[in-house]
2 protein chains.
Amino acid sequence: MNDTLEAYQHVTVIGGGVIGASWAALFLAKGLTVTVNDPLPDVDKRVHDQLREAAPALKALGLPTDGLDANLRFEADLDRALAEADAVQENSPERLDFKQDLFARVERAARPDTLLMSSTSGIPATEMARSMKQPGRVVIGHPFNPPHLVPLVEVVPGKDTDPETVRRAVDFYTALGKQPQVLRKECPGFVANRLQAALFREAVNLVVQGVVTEQELDGIVTASIGLRWAVAGPFRSFHLGGGPGGLPAFMQHLAPGLESLWKDLGDPTFDEATVKLLSDQADFGASVEELETARDQAQIKVMRVLGEA
Amino acid sequence: MNDTLEAYQHVTVIGGGVIGASWAALFLAKGLTVTVNDPLPDVDKRVHDQLREAAPALKALGLPTDGLDANLRFEADLDRALAEADAVQENSPERLDFKQDLFARVERAARPDTLLMSSTSGIPATEMARSMKQPGRVVIGHPFNPPHLVPLVEVVPGKDTDPETVRRAVDFYTALGKQPQVLRKECPGFVANRLQAALFREAVNLVVQGVVTEQELDGIVTASIGLRWAVAGPFRSFHLGGGPGGLPAFMQHLAPGLESLWKDLGDPTFDEATVKLLSDQADFGASVEELETARDQAQIKVMRVLGEA
């Protein structure tokens, strides 16, 4: 275990749903002791089930999976769950009032130096920390699902977040082998989900317009922009699409064409007909579980070959 | 050489620019004889330079690169360039009147059974074929750049394109190891560039808003959605994001959140300030050529591990 993780030996995972259990799997595989805090009576079984499901991916990532639950415990009482916590990864329901109350309680029950992070995908840290005496203590660490597999963690400070909290969160995630990226401003949905939403809006439009089916569109993405963006992001890609002059040359030549495409992009909504069409087409030839296993295996192969695992 | 390619032994590449030369490199590496038709006096040198640049990628893809230019010739006269052509891949300037005249001439000079394909990224086959006697003969085969490397070819028939032309183009590209996808309708920009434009619009917005820099955004993409979309397209990804209920369940739970994100997405333009900001940030730490080599090598590693090369 590296020095940074030594300082975060005891992690409390608040909320044992899909995201929380995936974080727990990663923390355990990295040798940390995990306390899951969740009032649900069957949380024990659910988390254990998810550990089993995550094991093949963890193993493929080169992490140990034998006796993964040896350092796992469950504690439904929040105060007791936080007594020993060096770090907290919170994954409770996405309701502002709930999280505000929760973090006020977390602040009282945890040590003053406990690192507090939230997986929220939608609630700004500024709002979440409103009821805290020391709002500087909490920062968002928003994973891309599932956190035990996908490298990205968006670290999003609120207006009051202490820079030292941000620094510690980045260190913590980096030590776990993740790729944290600090955002410079809060914005709804953060960055990855906004970009995903932007592409998906046009994807829905093209299927609704009958240009392609869902499966055809997926095939187009994996055979072009997906492959490309796995190794070079959109700015770098266009920088390389402009010849020796890079992005400035690219914009000079192709900005008018891009702007005219922007004007032509669709503006669909999830009305009844659209939901029905998208649902009717949603046959991917195997069960969700089988598809998920295949996707995770392919994902890990790509990460290994790119040196990200 | 497989049976399909036997039928297309002589390919004429019209236009020896970046796209044309990349196509030529692929055709030659696949054992075909290539005639480049381009009036530019230095086309010979330009194409040879590009063949040299493409060689490492072709080699990494498992293709032969020794004596790549043994079956390459140049013929500035269109009629003579087409005399023996089994297939034509056209990459001339993106001007409607130019392409209309060109294809009318191509039709007269080529044999009646010559397969006619255009790399255009913006001109519909329906328009391009307006001056042809047999508009059914031409179909768009739009590559994702560079065609010798990226698998996708969007095959876009016009209103008058003969289904047999479409079938032959798909067979031809498949035999070359590409992943052709036929679109069901013509639309501006086709599919991959529209999706790319949609994501890039929000990427520009987030940089303009100061949420992230270009490099930070690129890092977010490669560590999340890029990695994901290399192995599973956006519909399949959301199908797997909905639990056992798949895409229908996903939409039930997350459509409202997605729609509210859609409303919040930005609407930037390439005004002077935006172009300056994006240009100022466009420092990717190495020359375009070095970055391109690194990207292509990484891309090929991913394709090989996914069995696409």
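Is the crossing of α8(A) and α8(B) left-handed or right-handed? The crossing of these two helices is right-handed, where a crossing counts as left-handed if the near helix is turned anticlockwise from the far one by less than a right angle, and as right-handed if clockwise. The model is predicted: local features need pLDDT of at least 70, side-chain atom pairs count only at pLDDT 80 or more, and totals for chains, interfaces and linings use all residues. Residues are numbered from 1 along each chain as its sequence is written, while chains are lettered from A and ligands numbered from 1 in the order in which they are written.

Within chain A, 8 strands form an open sheet of mixed pairing, in the order β3-β2-β1-β4-β5-β6-β7-β8. Helices (H or I, at least four residues) and strands (E, at least two) are DSSP runs numbered from the N terminus, and two strands pair if DSSP finds at least two bridges between them. At the edges stand β3 (72-74) and β8 (179-182) of chain A, each with a single partner strand, so one side of each is left without a neighbour in the sheet. From one strand to the next, the twist averages 25°. Strand β7 (residues 152-156) of chain A runs parallel to β8(A) and is joined to it by 4 bridges; A:Glu154 has A:Gln181 in β8(A) as its bridge partner.

The contact between the chains takes 88 residues from chain A and 88 residues from chain B, with two residues in contact if their C-beta atoms, placed from the backbone, lie within 7 Å. On the side of chain A that touches chain B, the largest share, 13 residues, comes from α8(A).

That helix leads back to the opening question. α8(A) and helix α8 (residues 192-208) of chain B pack at an angle of about 150°, with their axes 8 Å apart. Axes are lines fitted to C-alpha atoms, for helices over the stretch in contact, and angles run from 0 to 180 degrees between N-to-C directions. α8(A) and α8(B) are therefore roughly antiparallel to each other, a label for angles over 145 degrees. Among the residues of α8(A) that meet α8(B) are A:Leu195, A:Leu199 and A:Leu206.

Chain A can be laid on chain B by a turn of 180° and a shift of 0.0 Å along the axis, with an RMSD of 0.0 Å; copies are superposed by least squares on the C-alpha atoms of residues with pLDDT of at least 70 in both. The two copies are thus related as by a two-fold rotation axis. Moreover, 100% of the interface residues of chain A are also interface residues in chain B, so the copies meet through the same surface.

Terms used
Angles under 35 degrees count as roughly parallel, over 145 as roughly antiparallel, 65 to 115 as roughly perpendicular and the rest as oblique.
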